[in-house]
Amino acid sequence: MLIDIVNKTGNLIVLSGPSGVGKGTIGARLLEKHDDLCFSVSATTREMREGEQVGVNYYYKTVQEFQEMIDNDEFLEYMQVFGRNYYGTPRKFVEEKLAQGISVLLDIDVQGAMVVKKNYPEAVMIFIAPPTLAELHRRLVGRGTDTEEAIERRFAEAKTELKLVNEYDYVVVNDDLELAVEDVECILRSSRLAGKEYKDELFRTLNAEEA
Ligand code: ADP
Ligand code: 5GP
């Protein structure tokens, strides 16, 4: 069926925005609901937090291991986030999934997002914004995963990150979680309908029928 073609083309989806805004929470809800979407698990040199799992949240690396991955060109993008730990998106997984028609979700910082935008101009760029800065601060504290120093560093960085909002295709305010998830779902669906691969495949199919 012609209508099925749209479900067979994947997009690279970038969810970005300040730490604590709810990117992980929104991403997890989307992954629960959509089996045609997968999450790109990043590599990081930061310490594992309580409750995190290897290969689910991150692949935890030493600085030396991370450097080897950089040298072997294994990253689609990588960054030293907050001037401390390294974070990077393994390239192979993303490329394989996209080739299979599965959309891939990246939860990455704004600097990394700008690198993806440059290298993959077709990536769908979504900025998640907080309803207020005070609420962002409350969420960073409420998450209970960071030291006071890390919270203040992340919060200070947020103000710089907000300045890049115009570089994104979409801005979703994460006030009510379910509404934010719905907004992102609308973006995912319309991005599929707007995808070049989808349009090409659709017209190939229609032309083949005519012949
Ligand atoms: P990020 O991945 O952007 O760093 P998280 O997903 O870890 O952020 O969310 C930070 C904190 O905010 C978590 O404790 C999460 O439960 C909470 N949170 C996320 N979305 C909302 C929301 N819409 N309303 C209230 N709290 C939220
Ligand atoms: P956290 O330490 O809270 O898990 O993540 C800190 C920040 O790093 C978040 O803003 C998150 O989006 C970002 N991040 C996670 N993985 C990657 C990645 O692979 N690349 C980049 N550039 N940023 C990442």
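**Close-up views of a predicted model**

**View 1. Met48, Val54 and Tyr59 make up a nonpolar surface patch with about 290 Å² of accessible area together.** Patches consist of residues with over 30% relative accessible area and no salt bridge, with like charges joined within 9 Å and nonpolar side chains (Val, Leu, Ile, Met, Phe, Trp, Tyr) within 5 Å. A salt bridge is a side-chain nitrogen of Lys or Arg within 4 Å of a carboxyl oxygen of Asp or Glu. Areas are from the Shrake-Rupley method with a 1.4 Å probe; for residues, only the protein chains shown count as cover. Val54 sits in the loop between β3 (42-44) and β4 (58-60); strands (E, at least two residues) and helices (H or I, at least four) are DSSP runs numbered from the N terminus. Val54 counts as exposed because its relative accessibility is 58% (exposed is over 50%, buried under 20%, partly exposed in between).

The model is predicted: local features need pLDDT of at least 70 and side-chain atom pairs pLDDT 80 or more, while totals for chains, interfaces and linings use all residues. Residues are numbered from 1 along each chain as its sequence is written, and side-chain values use heavy atoms, without hydrogens and water.

**View 2. Ligand 1 is surrounded by 13 residues.** The closest are Gly20, Gly24, Thr25, Arg143 and Asp175. A polar side-chain atom of Thr25 is 2.5 Å from an oxygen atom of ligand 1, and an N or O atom in the Arg143 side chain is 2.8 Å from an oxygen atom of the ligand. The protein covers 73% of the 570 Å² of accessible area that ligand 1 has on its own.

**View 3. Gln67 belongs to helix α2 (residues 63-71).** Gln67 is partly exposed, at 36% relative accessible area.

Technical notes. Chains are lettered from A and ligands numbered from 1 in the order in which they are written. Buried means under 20% relative accessible area, exposed over 50%, partly exposed in between (1.4 Å probe, protein chains only). A residue is near a molecule or strand if one of its heavy atoms lies within 4 Å of it. A polar contact is a pair of N or O atoms within 3.5 Å; within protein, one must be able to donate a hydrogen and the other to accept it, and residues adjacent in sequence count only if both atoms are side-chain atoms.
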